[in-house]
Amino acid sequence: MPVYRADLHIHSVLSPCGDLEMSPARIVEAAVRKGLDIIAVTDHNHTGHSRLTREIGREQNVFVIYGVEVTTSEEVHCLSFFDTEEQLEDFQEYIDLHLPSVKNDIGLFGHQVIVDRKEQILEEIQHSLYPGIRQQITAVAETVHRLGGLFVPAHVDRRMNGIYNQLGFFPEDLDADAVEIFRNANRKDVLQTHPELKGYQLLKSSDAHFVEDIGRCTSLLEMEDLSFAEFEKALKGLEGRRVVQE
Amino acid sequence: MNTTVKDISEKLGLEVLCCSAQTDNMVKGGYVSDLLSDVMGNAAEGEIWITLQSHLNVVAIASLKELSAVVLVNGVQPDAPVIAKAEEEGIPILSGSGPAFEIVGKIYQILND
């Protein structure tokens with residue numbers, strides 16, 4: 001079965017912490033340079049750059065998965081991936097419904113802008129994308145699944161916003177499709193500390209906020225082709241598709 | 001009774017890690033939370049924030065909400081970049097070796113005497 005190099009956790013300039021140079025155009029450019037087959041732009045609580053990134057990715061043979069990094073009420077970061085634009089829009093509506101309204105402070109948190117392919121600013125998001133939405137993690141997972149998406153707790157072993165730090169444990173009733181571990185973590189060590197993760201495919205990504213960090217850490221996916229259906233199987237470890245342990 | 005950050009640090013024996021000039025800040029109340037989203041949404045200007053979180057965004061949020069100071073519990077010591085940011089934003093950071101329950105209880109008493 002073919003293998004594909006993926007970086008599934010990248011922040012564009014839309015995320016408050018994303019560098020000003022992280023436009024969809026430059027993200028795809030970097031993906032090409034680093035030989036990535038698959039990427040996902042996963043901004044905090046916003047999907048504003050997904051469409052454009054996919055469009056540009058299509059032109060340059062980079063498979064772009066629609067994604068977002070949602071912050072739950074417990075302040076756990078969770079990656080959510082979707083197949084269609086419709087599913088993505090529905091999830092954005094859900095986020096917007098439950099995101100508290102705090103005005104962003106550019107000086108303290110950074111810019112939250114949507115740009116076009118020429119990097120011209122189209123819109124500035126006024127409310128802060130930093131806080132957690134008023135939904136607990138199990139409710140978020142249920143919603144992602146109801147919409148047909150994939151739910152992946154992010155950097156679970158990281159002190160900041162990792163599920164183990166925020167909750168102290170991995171809820172038994174949490175329906176995760178895969179789990180992302182921190183880029184500097186050792187898979188064996190993580191599984192030793194958290195044996196309950198043995199049933200999951202473990203992903204690693206760059207969590208890039210700067211262009212040069214894209215692809216600094218990746219996952220190798222073994223699947224039949226570049227489609228969301230195959231991607232889903234790889235994340236779930238079904239029918240021989242999987243995340244290759246490197 | 002008008003209480004300053006300095007009053008609280010002295011009465012509780014808290015270590016002042018930075019911004020000693022701003023320890024003249026008036027303390028208008030207190031807020032206890034380790035969830036930054038909660039503080040962002042609910043803390044009020046002038047409140048003293050008691051928490052065990054010690055990362056950069058703690059300072060950003062304290063600044064955003066114009067809090068009078070941040071008190072770190074359990075003897076938590078923030079990294080140098082956090083102190084630097086606090087200095088930049090003029091937010092005093094105090095550190096106490098005790099647990100939050102005790103520190104909060106004492107601050108509450110001082111503010112309500």
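In the predicted model, A:Thr42 has a relative accessibility of 0% and therefore counts as buried, the cut-off for that class being under 20%. The residue lies in the loop that connects strand E2 with helix H2 (50–59) of chain A. Apart from neighbours within four places in sequence, A:Thr42 is in contact with nearby parts of the fold that are listed here in chain order: A:Leu8, A:His9, A:Ile10 and A:His11, then A:Gly67, A:Val68 and A:Glu69, and finally A:Leu79 and A:Phe81.

Of these contacts, A:Gly67, A:Val68 and A:Glu69 belong to strand E3 of chain A. Strand E3 spans residues 63–71 and is mostly covered, with nine of its nine residues buried. The cover extends to both faces of the strand. One side carries A:Phe63, A:Ile65, A:Gly67, A:Glu69 and A:Thr71, and the other carries A:Val64, A:Tyr66, A:Val68 and A:Val70. Strand E2 of chain A (residues 38–41) runs parallel to E3(A) and is joined to it by four bridges. Within this pairing, A:Ile39 stands opposite A:Val64.

The interface of chain A and chain B was examined next. Contact between the two chains involves 15 residues of chain A and 15 residues of chain B. The area buried between them is about 1200 Å², and carbon and sulfur atoms give 62% of this area. On the side of chain A, 43% of the area buried against chain B is supplied by A:Glu75, A:Leu108 and A:Tyr130, more than by any other three residues. No salt bridges are found by the rule across the interface, whereas four residue pairs are in polar contact, both residues of each pair being at pLDDT 80 or more. The side of chain A that touches chain B is made up, by class, of six nonpolar, four polar and five charged residues.

In chain B, B:Ser97 gives an example of an exposed loop residue. B:Ser97 is found between strand E5 (93–95) and helix H5 (100–112) of chain B. With a relative accessibility of 72%, B:Ser97 is classed as exposed because this value is over 50%. When neighbours within four places in sequence are left aside, B:Ser97 is in contact with B:Asn74 and B:Gly75. B:Ser97 and B:Glu15 are 82 residues apart along the chain, and their C-alpha atoms are separated by 9.0 Å.

Key. Residues are numbered from 1 along each chain as its sequence is written. Chains are lettered from A and ligands numbered from 1 in the order in which they are written. This is a predicted model: local features need pLDDT of at least 70, side-chain atom pairs count only at pLDDT 80 or more; totals for chains, interfaces and linings use all residues. Side-chain values use heavy atoms; hydrogens and water are left out. Contact means heavy atoms within 4.5 Å. Buried area is the accessible area (1.4 Å probe) that two parts lose on being put together, summed over both. A salt bridge is a side-chain nitrogen of Lys or Arg within 4 Å of a carboxyl oxygen of Asp or Glu. A polar contact is a pair of N or O atoms within 3.5 Å; within protein, one must be able to donate a hydrogen and the other to accept it, and residues adjacent in sequence count only if both atoms are side-chain atoms. Ala, Val, Leu, Ile, Met, Phe, Trp, Tyr, Cys and Pro count as nonpolar, Asp, Glu, Lys and Arg as charged, and the others, Gly among them, as polar. Helices (H or I, at least four residues) and strands (E, at least two) are DSSP runs, numbered from the N terminus. Buried means under 20% relative accessible area, exposed over 50%, partly exposed in between (1.4 Å probe, protein chains only). Two strands pair if DSSP finds at least two bridges between them.
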